[in-house]
Amino acid sequence: MDKPPLVMVCGKPGAGKTSLVDALRALPQPPSRRLPSLVELNTGGAFELTEVLAQVEVLARENEDVPQRVLLVVAAPDRAVEEERALVDALARDGLRSTVMLCLTRIDGLPPVRQWDPTRFDPTNTLDEKARQVARWADYVRDALGVDRGQTFLCSAAPEGGSYGIERLRDALSVQEPGLGAVRISTAWDRPKNQGLALPRGFWWWLLGAALAVLYGWYRLR
Ligand SMILES: Nc1nc2c(ncn2[C@@H]2O[C@H](COP(=O)(O)OP(=O)(O)OP(=O)(O)O)[C@@H](O)[C@H]2O)c(=O)[nH]1
Ligand SMILES: [Mg+2]
């Protein structure tokens, strides 16, 4: 099988990188799609930007024959994103700005925590206090990092199973299997026609009935 594309999952220690990667891997993939290779990189704090960039460079060189992306993970309620901003700027200088996607995770932990229901959460519902809090934090981080709204994903990969946004992230990251075109799934009323002679429905029953009628007629005439 061909080498899969590479996604470098970057973020502070404890941001939730492994939880996201595990949640993505646990989801079934749609037919003909597959997840890229997901590699975690710790950034910020004790991890010097130059070291991180050196690691990114090595990975980029080792995988230069496949598409690459950087998935920057920031966990709520973190607003101290100067180190992430420095990383995004450095990637931009290296011509990798367009590869950056932002995953804003652990949104379940934003207040009001008790109101969290991942099955009903609608980030666009301005009447919902939880949605307003999430939007306020997300706007802040996105603006601070200069990442487009279309490249930003809201997620939760809470260990208790209250996960949110993982499928959307999977769809944005997963790629078409090489060698497979768009696959059309045929339904019972959409089956490809038989190759060659297409027999009408119930043909064999009809033939049997006709043969019996001929036999009966022949028997009566004797
Ligand atoms: N409530 C909540 N907890 C989360 C979420 N994602 C991760 N956690 C918890 O946060 C902690 C850190 O998560 P990890 O996935 O290990 O984070 P990481 O970035 O891989 O951490 P390191 O590998 O140590 O750098 C764990 O206790 C997770 O269970 C989330 O979306 N919601
Ligand atoms: Mg980890």
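Student: Hi! Strand β1, residues 6-11: is it mostly covered or mostly open?

Tutor: Mostly covered. This is a predicted model, and in it six of the six residues of β1 are buried.

Student: Which residues of β1 point which way?

Tutor: L6, M8 and C10 point one way, while V7, V9 and G11 point the other way. Residues on both sides are buried.

Student: And which strands does β1 pair with?

Tutor: One partner is β3, residues 37-42, joined to β1 in the parallel sense over six bridges. Another is β4, residues 68-75, which also runs parallel to β1, with six bridges between them.

Student: OK, zooming out. What is the strand order in the sheet?

Tutor: The order is β3-β1-β4-β5-β6, an open sheet of five strands with parallel pairing. β3 and β6 (152-154) are the edge strands, each pairing on one side only. From one strand to the next, the twist averages 25 degrees.

Student: Which strands does helix α3 lie across?

Tutor: Helix α3, residues 82-93, lies across β1, β4 and β5 (100-105). Its direction is at about 165 degrees to β4.

Student: What about helix α5, which strands does that touch?

Tutor: Helix α5, residues 166-173, packs on the sheet and touches β1, β5 and β6. Its direction makes about 155 degrees with that of β6.

Student: New topic: how many residues are in the largest nonpolar core?

Tutor: There are 41. The residues with the most contacts inside that core are L71, L72, V73, L102, C103, L104 and C155. Strand β4 gives the largest share of the core, six residues.

Student: Let's pick L102. Which residues is it in contact with, leaving aside neighbours within four places in sequence?

Tutor: L102 is in contact with L72, V74, R142, L145, V147, Q151, T152 and F153.

Student: Last one, the ligand. Which residues come nearest to ligand 1?

Tutor: G16, K17, T18, S19 and A158 come nearest, out of 17 residues around ligand 1.

Student: Which element gives the largest share of that shell?

Tutor: Helix α1, residues 17-26, with three residues.

Student: And how does the shell divide into nonpolar, polar and charged?

Tutor: Around ligand 1 there are five nonpolar residues, nine polar ones and three charged ones.

Key. Residues are numbered from 1 along each chain as its sequence is written. Chains are lettered from A and ligands numbered from 1 in the order in which they are written. This is a predicted model: local features need pLDDT of at least 70, side-chain atom pairs count only at pLDDT 80 or more; totals for chains, interfaces and linings use all residues. A residue is buried if 20 or more other C-beta atoms lie within 10 Å of its own, exposed if 12 or fewer, and partly exposed in between; C-beta atoms are placed from the backbone. Helices (H or I, at least four residues) and strands (E, at least two) are DSSP runs, numbered from the N terminus. Two strands pair if DSSP finds at least two bridges between them. A residue is near a molecule or strand if its C-beta atom, placed from the backbone, lies within 6 Å of it. Ala, Val, Leu, Ile, Met, Phe, Trp, Tyr, Cys and Pro count as nonpolar, Asp, Glu, Lys and Arg as charged, and the others, Gly among them, as polar. A nonpolar core is a set of buried Ala, Val, Leu, Ile, Met, Phe, Trp, Tyr and Cys residues joined through C-beta atoms within 7 Å. Two residues are in contact if their C-beta atoms, placed from the backbone, lie within 7 Å. Axes are lines fitted to C-alpha atoms, for helices over the stretch in contact, and angles run from 0 to 180 degrees between N-to-C directions.
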